[in-house]
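Here are my notes for you to read alongside the model.

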Amino acid sequence: SLAAVASIAGGLFLTMVPVTLMVAPLKELVGDRFLVGSFWTHAFMSMNLVGAVCFAPVAGAISDRFGSRRGLLAVALLADAVLFLGLGFAPNFASFMAIRFFEGAAHITAVSTWMALASDWSHSKHRGRMMGTVGASLTFGVAFGAPMGGSLVRGGHAELVLFVGADLTLLAAMFSVLCIREPARHGRSEGER
């Protein structure tokens, strides 16, 4: 349905914005904070992807077996929000990178579940249209995050992007609970909810 498409696209947009919030203040957030060089500063951005690549197959399997995609989505987004907060309080660079790895794993679980929900709602004749719509929302979320991150750190507080990222991810979690429906064939039927 159109409402399901719009809800999934909006939720995916909210989930993707925090990913690029950290691009603009990367040097201050990582290099200056932990006194590491440019290699490790940029490795921080890659560590999220390493976590995602390592966990993506597991995330897909969990999504298929969890029973409720909406429940898994909420859990993954809540975990991602907590991990974003953890980045703001990490006591040293090693723990900072470890948290970033697990944040990537939580994030890919959420993104995979959004995509699975999109597929669930799409009729075979319109699957391409649905996936194109969610792909566009994913791209817009990434594109919106970098300039937003730049605006947030103009006052010299680079860590602010982590707390805003946590807030946006928590908002996405609440949105998934309040606004997302599943087709009856996944989890319980609509009449049982």
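1. Let's start with alanine 106, which sits in helix 5; helices here are DSSP runs of H or I with at least four residues, strands are runs of E with at least two, and both are numbered from the N terminus. Alanine 106 is buried at a relative accessible area of 11%, where buried means under 20%, exposed over 50% and partly exposed in between (1.4 Å probe, protein chains only). Not counting residues up to four places away in sequence, alanine 106 touches Ala76, Ala79, Asp80 and Leu83, contact being heavy atoms within 4.5 Å. The C-alpha atoms of alanine 106 and alanine 52 are 7.8 Å apart, although 54 residues separate them along the chain.

2. A word on the ground rules: this is a predicted model, in which local features need pLDDT of at least 70 and side-chain atom pairs count only at pLDDT 80 or more, while totals for chains, interfaces and linings use all residues. Residues are numbered from 1 along each chain as its sequence is written, and side-chain values use heavy atoms, with hydrogens and water left out.

3. Now the helix around that alanine.

4. Which residues have the most contacts inside the largest nonpolar core? They are Ile8, Val30, Phe44, Phe96 and Trp114, in a core of 46 residues. Such a core is a set of buried Ala, Val, Leu, Ile, Met, Phe, Trp, Tyr and Cys residues joined through side-chain atoms within 4.5 Å. Helix 5 gives the largest share of this core, eleven residues.

5. Have a look at tryptophan 114 and serine 7 together. Beyond its neighbours within four places in sequence, tryptophan 114 is in contact with residues including Ser7, Ile8, Leu73, Leu77 and Phe175. Serine 7, in helix 1, is buried with a relative accessible area of 17%. With the neighbours within four places again left aside, serine 7 is in contact with Trp114, Phe175, Cys179 and Ile180.

6. Leucine 35 deserves a glance in your backbone check. It lies in the loop between helix 2 and helix 3, and its phi is near 55°, a positive value in a residue other than glycine. Most residues other than glycine have a negative phi. At 75% relative accessibility, leucine 35 counts as exposed.

7. Aspartate 64, in helix 3, also counts as exposed, at 61% relative accessibility. Its C-alpha atom is 16 Å from that of serine 122, 58 residues away along the chain.

8. Finally, the overall picture. The chain has seven helices and zero strands. Along the principal axes, the C-alpha atoms fill a box of roughly 55 × 30 × 25 Å. Buried residues make up 46% of the chain. Among contacts between residues at least 6 apart in sequence, 79% join residues at least 24 apart.
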